Amino acid sequence: MSDVISAPAQARVPVRGGGTFPVRRIYCVGRNFADHAREMGVTAPASKAERGNPTFFAKPADAIVTGNADVPYPSGTKDLHHEVELVVALGADAPAGVLPLEATQALVYGYGIGLDLTRRDLQATAKKAGLPWDTAKGFDHSAPISDLVPATQVSDLMSLGVTLTVNGTVRQHAPLTDMIWDVPDILHELSKLYALKAGDLVFMGTPSGVAALQPGDVFVATLDGVAEVRGTIVG
Ligand code: MN
């Protein structure tokens, strides 16, 4: 049987050193930094024991923006927000069942830095009404991402921090040790809900300092000395 339409383009992220990473799904973690949870008006857990379950949502694979391309200001919002986030790329399929913490690292292909762009006004309306976040989170061009760096080239991930500057001013900065749920925790939790597979990306949540972007703004997001993505918001 042949396709009755031309096949959609496969979303791909360049890999530092050569090659490309085909994207299957994009999972995102909400409220993974206590200071960001508080700035969003949510009580942050006081300890790991009290953290409950992580919040997950998704973006379509073709929401990525690669190669430091311009990012169009999206339709339907007057309050586009930046959220700088560690991105984890999975290079292998998880075995069936819940993934033990000690088996998570074997799935990781590499890391990058990305933005979880958010229509904050639509998200606020959805939250108030108890409605889904999809239009606030899963829109076109909502996931600018750096080239991926193989995990074999990252010696001590948890010693790194994430930083976002806009027009040269630091807007967000935090060490990854501030994450409520680290990478093994999140892959373990995701595996209770989804069959994780090679090609999946996980956006790990943002620290405090989220704020509006305007047409003309130039952003630079970095994972300390490892990965960087930059771009311009175009009206
Ligand atoms: Mn986010």
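1. His-141 is placed in the loop between helix H3 (134-137) and strand S11 (143-144); helices (H or I, at least four residues) and strands (E, at least two) are DSSP runs, numbered from the N terminus. Its phi is near 65 degrees, a positive value in a residue other than glycine. At 36% relative accessibility, His-141 counts as partly exposed, where buried means under 20% relative accessible area, exposed over 50% and partly exposed in between (1.4 Å probe, protein chains only).

2. The model is predicted: local features need pLDDT of at least 70 and side-chain atom pairs count only at pLDDT 80 or more, while totals for chains, interfaces and linings use all residues. Residues are numbered from 1 along each chain as its sequence is written, and side-chain values use heavy atoms, with hydrogens and water left out.

3. A positive phi is also found at Asn-167, with a value near 50 degrees in a residue other than glycine. Asn-167 belongs to the loop between S13 and strand S14 (169-175). With a relative accessible area of 46%, Asn-167 is partly exposed. Most residues other than glycine have a negative phi.

4. The manganese ion is coordinated by Glu-83 (OE), Glu-85 (OE) and Asp-116 (OD), at 2.0 to 2.1 Å. Along the chain, the donors follow the spacing E-x1-E-x30-D. Glu-83 lies in the loop between strand S7 (80-81) and S8, and Asp-116 in the loop between S9 and strand S10 (118-119), so the pair ties together parts that are 33 residues apart in sequence. Glu-83 is buried at a relative accessible area of 4%, and Asp-116 is buried at 0%. Donors are N, O and S atoms within 2.8 Å of the metal (3.2 Å for Na, K and Ca); water is not among the atoms, so sites may look incomplete.

5. The largest nonpolar core holds 51 residues, of which Leu-86, Val-88, Tyr-111, Leu-187, Val-202 and Leu-223 touch the most other members. Such a core is a set of buried Ala, Val, Leu, Ile, Met, Phe, Trp, Tyr and Cys residues joined through side-chain atoms within 4.5 Å. Among the elements that give two or more residues to this core are strand S3 (26-30), helix H1 (34-39), strand S8 (84-90), strand S9 (108-115) and helix H4 (183-190). Apart from this core lies another, of 20 residues, including Phe-21, Val-23, Cys-28 and Leu-148.

6. Leaving aside neighbours within four places in sequence, Val-202 is in contact with Tyr-27, Val-29, Leu-86, Val-87, Val-88, Ile-186, Leu-187 and Leu-190, contact meaning heavy atoms within 4.5 Å.

7. Helix H4 is largely enclosed by the rest of the structure, because seven of its eight residues are buried. The buried residues are Val-183, Asp-185, Ile-186, Leu-187, His-188, Glu-189 and Leu-190. They pack against S3, strand S4 (55-59), S8, S9 and strand S15 (201-203). The N-terminal end of H4 is capped by Asp-182, with a side-chain oxygen 3.0 Å from the backbone nitrogen of Asp-185.

8. Asn-32 lies in the loop between S3 and H1 and is buried, with a relative accessible area of 0%. A polar atom of the Asn-32 side chain lies 3.0 Å from the backbone oxygen of Met-204. A polar contact is a pair of N or O atoms within 3.5 Å; within protein, one must be able to donate a hydrogen and the other to accept it, and residues adjacent in sequence count only if both atoms are side-chain atoms. Not counting residues up to four places away in sequence, Asn-32 touches Asp-178, Met-179, Ile-180, Trp-181, Met-204 and Gly-205.

9. The count of aromatic pairs comes to three, where rings of Phe, Tyr and Trp (its six-membered ring) pair if their centres lie within 6.5 Å, and planes under 30 degrees apart count as stacked, over 60 as edge-to-face and the rest as tilted. One of the pairs is Phe-21 with Tyr-109, tilted, at 5.9 Å centre to centre and 35 degrees between the planes. This pair links distant parts of the chain, with Phe-21 in strand S2 (residues 20-22) and Tyr-109 in strand S9, 88 residues apart. Phe-21 is buried at 6% relative accessibility, whereas Tyr-109 is partly exposed at 31%.
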